Structure formats: C-alpha cells, structure tokens
Amino acid sequence: MDPIILVQDVSMHFRHSNQRINTLKEYFIKRIKLQVQYTEFTALSNISFSIDKGELFGIIGNNGAGKSTLLKIIAGILNPSSGQVVRKGTVAPLIELGAGFNGDLTGEENIYLNGLLLGYSKKMIRDKMDEIIEFSELKEFIHVPLKDYSSGMKARLGFAIATSIQPDILIVDEVLAVGDIRFREKCERHIQNMIKNGTTVLFVSHSLVQIEKLCSRVLWLDKGKVKEIGEAKDICEKFKRAKYTES
C-alpha cells in the first residue's frame with residue numbers, strides 16, 4: 001500500500017544562545033564581533049516511518065522526547081534540518097490549540113479566522129458555522145471574546161473547527177486530554193467516524209489508555225530517536241515497563 005505519510009531520515013536541530021542578550025542592538029554588535037556563542041540541541045535524529053491511509057497512528061514518549069516537534073514537521077509548520085516528509089491530501093492540525101486564535105475576537109469571529117488559516121473558504125465556513133457551534137457546545141458563549149474562554153472551551157472550539165470537514169490527515173496533539181469526560185468521549189466517537197470514512201489520524205497523548213484504545217500502531221520516541229514501532233498494546237506495555245524500571 002502506498003503510504004499517505006512518509007517520514008524519511010528527519011532530523012531537527014535548534015541553536016540556543018549561551019548568553020542573555022537584552023536588545024537587538026546588543027545582539028548585532030556581538031554578532032559582528034563574533035561574540036555570540038550557541039549550543040546546538042538535537043530534538044530529532046534520523047526519524048523514519050510511514051503511515052497508511054485510514055490508519056490511527058500514535059506517538060508516545062517522555063516529556064522532551066520530540067513528539068510535538070515531529071508533529072509540527074509532519075504538519076508543515078516547521079521545516080526539518082534534514083530529511084523529508086511526504087504528505088498526500090489535506091491536513092488538519094490540532095497542535096497547540098488556540099495558537100491561531102485571537103483573544104480579542106469573539107468565538108464566532110475566531111471560527112472565521114481559524115478556518116481561513118486552515119485553508120477553508122468563507123462560504124465553507126458560513127455553511128459549517130452552525131455545525132461547528134453545535135459540536136463545540138458553546139452557543140451561549142459564541143459572541144463572547146475568546147480571552148474569557150477557559151482552556152477547555154478553546155479546545156472544544158479548535159477541535160470543532162478542524163474536524164468540521166473530512167480531512168485526509170488529522171494531526172492531534174493532546175487535544176483529547178482537555179475538557180470533561182463526556183466531551184472527550186464525544187471527540188473519540190467523532191474521530192472514529194472520520195477513520196471509518198477514510199481519514200488518517202496521527203495522535204500524540206500522554207494517556208496510554210487513550211493510545212491503546214484508539215491506535216492500531218505506535219511509535220515510541222526516546223530522546224529524539226525511534227525507540228520502537230509496533231502494535232499499540234505491545235509498545236505501550238514496553239513503555240510502561242520502562243517507566244516502572246526508571247522509577
């Protein structure tokens with residue numbers, strides 16, 4: 001089967017300044033004098049894997065393992081330092097919920113803003129508006145500025161916008177960890193329906209229960225490297241044993 005996502009030898013390096021520089025003027029002076037010193041940090045190292053169409057693929061790992069960085073590269077938000085990612089079809093990223101929102105705008109206005117950022121047309125957003133509001137369960141607050149929303153309310157709105165269409169690829173970063181149990185279950189059912197209709201889901205969560213319940217295969221990242229890839233239950237069990245041994 002031809003994969004819908006192909007990650008080939010992806011590495012990501014970040015440079016951090018060793019000094020505290022308070023102004024742009026100070027930075028440029030030190031830069032000209034070659035006094036700016038950097039430490040290079042490798043977030044990801046030679047990551048390779050593929051995901052088939054319609055698959056629900058999970059990524060697990062400790063904090064700092066590189067999970068969110070990898071998702072941003074796959075979503076096209078970040079360019080890797082080396083390697084490449086091949087994606088086929090439309091992508092709806094649910095990464096850092098609220099990152100594309102404006103706190104001074106109302107919920108309704110943010111639906112337009114976020115929808116346009118995701119590549120939706122104004123007509124599509126208008127046609128989907130009632131459906132988005134209904135799914136988010138925010139009808140009473142839809143004309144309230146987003147800065148007055150809780151994190152859970154923002155997550156509901158972000159999820160409803162991104163999943164209002166049937167994308168080819170849905171990238172989910174911890175979104176199902178936000179909100180009450182009933183709404184999380186509602187999101188899970190919605191994702192399952194999308195999978196039945198052909199959407200491929202890439203899912204990151206610290207909840208191994210959710211990963212085992214939802215995913216067919218799992219990638220275990222450890223300090224920016226692939227530790228293991230395999231069936232969800234098997235990889236989650238190995239990860240739990242490793243955590244138990246460390247503690």
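**A guided reading of a predicted chain**

Helix H5 covers residues 151-162, which makes 12 residues, and it reaches 16 Å from its first C-alpha to its last. This span is close to the 16 Å expected at 1.5 Å a residue.

The buried residues of H5 are Gly 152, Met 153, Ala 155, Arg 156, Leu 157, Gly 158, Phe 159, Ala 160, Ile 161 and Ala 162. These buried residues pack against several other elements: strand S5 (91-94), helix H3 (107-117), helix H4 (122-136) and helix H6.

The chain contains eight helices and nine strands. Of its 247 residues, 42% count as buried. The accessible surface of the chain comes to about 13400 Å², and 50% of that surface belongs to carbon and sulfur atoms. Among the contacts with a separation of 6 or more, 70% are made by residues 24 or more positions apart.

Helix H6, one of the elements against which H5 packs, is the next stop. This helix runs over residues 181-196 and contains Ile 191. Ile 191 counts as buried because its relative accessibility is 2%, and the limit for a buried residue is under 20%. The C-alpha atom of Ile 191 is separated by 8.0 Å from that of Val 201, a residue 10 places away along the chain.

Between H6 and strand S7 (200-204) there is a loop, and Thr 199 has its place there. Is Thr 199 buried or exposed? Thr 199 has a relative accessibility of 0%, and therefore counts as buried. Its contacts, when residues up to four places away in sequence are not counted, are with Gly 54, Gln 166, Pro 167, Asp 168, Ile 169, Leu 170 and Met 194. Thr 199 and Gln 166 are 33 residues apart along the chain, yet their C-alpha atoms are separated by 6.9 Å. The side chains of Thr 199 and Gln 166 are also joined by a polar contact of 2.5 Å.

Lys 67 is classed as buried because its relative accessible area is 6%. Which backbone oxygen does the side chain of Lys 67 reach at 3.0 Å? The oxygen in question is that of Gly 61. A polar atom of the Lys 67 side chain also lies 3.1 Å from the backbone oxygen of Asn 62. Leaving aside neighbours within four places in sequence, Lys 67 is in contact with Ile 59, Ile 60, Gly 61, Asn 62, Val 204, His 206 and Leu 221.

The last stop is strand S4, which spans residues 82-87 and includes Ser 82. Ser 82 has a relative accessible area of 33% and is therefore partly exposed. Apart from residues up to four places away in sequence, Ser 82 touches Asp 9, Val 10 and Ser 11. Ser 82 and Ser 11 are 71 residues apart in sequence, whereas their C-alpha atoms are 5.3 Å apart in space.

Conventions
Residues are numbered from 1 along each chain as its sequence is written. This is a predicted model: local features need pLDDT of at least 70, side-chain atom pairs count only at pLDDT 80 or more; totals for chains, interfaces and linings use all residues. Side-chain values use heavy atoms; hydrogens and water are left out. Helices (H or I, at least four residues) and strands (E, at least two) are DSSP runs, numbered from the N terminus. Buried means under 20% relative accessible area, exposed over 50%, partly exposed in between (1.4 Å probe, protein chains only). The expected span of a helix is 1.5 Å times one less than its number of residues. Contact means heavy atoms within 4.5 Å. A polar contact is a pair of N or O atoms within 3.5 Å; within protein, one must be able to donate a hydrogen and the other to accept it, and residues adjacent in sequence count only if both atoms are side-chain atoms. Accessible areas come from the Shrake-Rupley method with a 1.4 Å probe; for residues, only the protein chains shown count as cover.
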